[in-house]
Amino acid sequence: MSDELVMPRLSDTMEEGTIGRWIVHEGDSYNEGDILAEIETDKATMEFQAYDGGTVLKILVGDGESAALGAPIAIVGEPGEDVPESRDAPQEEPKAEATAEPEPEPAADKPKRSSKAAAEPARAAASGNGHDGSAALRVSPIARKMADQAGIDLRGLAGQGSGPEGRIVKADVERLLAGGGGATAATTAPPAQAPPPSAAPPAEAELRDLTPMLKAVAARMTHSTQTVPHFYIESEIDMTRALELRRELNEGLSDKGEKISVNDLIMRAAALALIEHPQAHRSYIDGRHAYHPHANIGIAVALDDGLIVPVVFAADTKSLREISKESRDLAGRAREGKLKQREIEGGTFTVSNLGMFDVANFQAIINPPESGILAVGATVPRPVAADGEVTVRQLMRVTLSCDHRACSGADGARMLQTVKRLLQSPSLLLA
């Protein structure tokens, strides 16, 4: 019997996905574990693996088209099986009916198919919270359940929720409850004030929609700057000895095709410093501090149209060569769009290096729930007075951004001081 293949959850913050390209085509058979399509999420382009075997009967969402999480993207079944007419294409929602979108579920190891997705709109239309006819009432299942239990009529909030496209989510209902909302709270509340109109772009400007990745970056960075109290600590590190060590290592590793980068040295130093200073490594989460047993270091990788941060896990336990190999592999696959979901989650600290662009120094925005990020500038030769003489040293400026809820100024300063000590005595990185 035919079944629906639905848009899988490939990212913890994913609301919709865009089909980059189908690997299989209508009429093709596939086995469990085969790659069916490449899907662009809010974080990266991910491969969609088949949960079990079957045959593609009908593709509903073509290359370059988007679909909401849990929405049907293809019909699959047995070879030669007829496709029901009602499944030939996604059904357009009647304007006067309510629409409930799937509430995010815990990420699974494998995407699963579900034939229940098509039934959600019907259930939403039949529920107590309806529609006033002027705007679509988009309500998440958990928000609808909370509203029904509290006797709150959500029709007055149609199109005004804090979720995507005005969707009413759990937080909106909680705000109503906190304000003493009752059965008519939503309908009797004054209409929300419309946001001020944005400035019109110049007539010659070309307007382009953001990709899912850029939307996610914009949302996360806005959230970070608005909710995380940043403070910044700057330092200047003498990299002369570190560069000499790097040159010696690369000469010895040249026949093996390996190469140690400056960023590898910085990552190793940061990982060791974080373990030495747990107060600067903890995260602030829901009013509590989370202490991390290992330093999972994110590497900020610039793409042609966006930014992605793959993670080197337990970098404090890995040698310079191991960090170098893993970092190079992650960065390469990031640019090819071949990272796995688990490789871009779970970071506890990030290193962002713009030194190769001749940037002197900059301040980076923290990626929650991490509590810090190290912004690295270019290493440049500069004259320095030492022992009554002027010598030229290789100096690098760095800026540590810290979450003040998790880390005090002294905690951050001590951690950065250790990074500096390790890089200026680089043989310690080989221990």
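Colleague: Helix α9 (residues 409-424) packs against α7 at an angle of about 135°, and their axes are 9 Å apart. Why are α7 and α9 called oblique to each other?

Modeller: First, a word on what you're looking at. This is a predicted model, where local features need pLDDT of at least 70 and side-chain atom pairs count only at pLDDT 80 or more, while totals for chains, interfaces and linings use all residues. Residues are numbered from 1 along each chain as its sequence is written, and side-chain values use heavy atoms, with hydrogens and water left out.

Now the angle. Axes are lines fitted to C-alpha atoms, for helices over the stretch in contact, and angles run from 0 to 180 degrees between N-to-C directions. Under 35 degrees is roughly parallel, over 145 roughly antiparallel, 65 to 115 roughly perpendicular, and the rest oblique. The angle here is about 135°, so α7 and α9 end up as oblique.

Colleague: What makes α7 and α8 oblique or perpendicular to each other?

Modeller: Helix α7 (residues 262-276) meets helix α8 (residues 320-335) at about 120°, with the axes 9 Å apart. That angle puts α7 and α8 in the oblique class, therefore they are not called perpendicular. Their crossing is right-handed. On the α7 side the contact uses Asp264, Leu265, Met267 and Arg268, and on the α8 side Leu320, Ile323, Ser324 and Ser327. These residues split into 4 nonpolar, 2 polar and 2 charged.

Colleague: And Val262, what does it touch?

Modeller: Val262 sits in helix α7 and touches Met239, Leu243 and Arg246, leaving aside residues up to four places away in sequence. Val262 is also 62 residues from Ser324 in sequence, with 9.8 Å between their C-alpha atoms.

Colleague: How do you know how many disulfides the structure holds?

Modeller: You look for a pair of cysteine sulfur atoms within 2.5 Å. The count is 0. Take Cys402: its nearest cysteine sulfur belongs to Cys407, 4.0 Å away, and Cys402 is in no disulfide. Cys407 is in no disulfide either, with the sulfur of Cys402 as its nearest at 4.0 Å.

Colleague: Is Cys402 buried or exposed, and how do you know?

Modeller: Buried means under 20% relative accessible area, exposed over 50%, and partly exposed in between (1.4 Å probe, protein chains only). Cys402 has 3% relative accessibility, so it counts as buried. Cys407 has 2%, so it counts as buried too. Across the protein chain, 43% of the 431 residues count as buried.

Colleague: Where does Leu210 fall, buried, exposed or partly exposed?

Modeller: Leu210 has 43% relative accessibility, so it counts as partly exposed. It lies in the loop between α4 (185-188) and α5 (212-227).

Colleague: What makes Asp387 and its phi worth a look?

Modeller: Asp387 is not a glycine, yet its phi is positive, about 55°. It's in the loop between β17 and β18 (389-403), and at 82% relative accessibility it counts as exposed. Asp358 has a positive phi too, near 60°, and at 63% relative accessible area Asp358 is exposed.

Colleague: Which residues does a cis peptide bond join?

Modeller: Pro368 and Pro369, with omega about 5°. Pro368 is in the loop between β16 (349-353) and β17 (372-386). Pro368 touches Arg220, Ser224 and Val228, not counting residues up to four places away in sequence.

Colleague: How many helices and strands are in the protein chain?

Modeller: 9 helices and 18 strands. They are DSSP runs, numbered from the N terminus: H or I for helices, at least four residues, and E for strands, at least two.

Note on methods: A crossing is left-handed if the near helix is turned anticlockwise from the far one by less than a right angle, and right-handed if clockwise. Contact means heavy atoms within 4.5 Å. Ala, Val, Leu, Ile, Met, Phe, Trp, Tyr, Cys and Pro count as nonpolar, Asp, Glu, Lys and Arg as charged, and the others, Gly among them, as polar.
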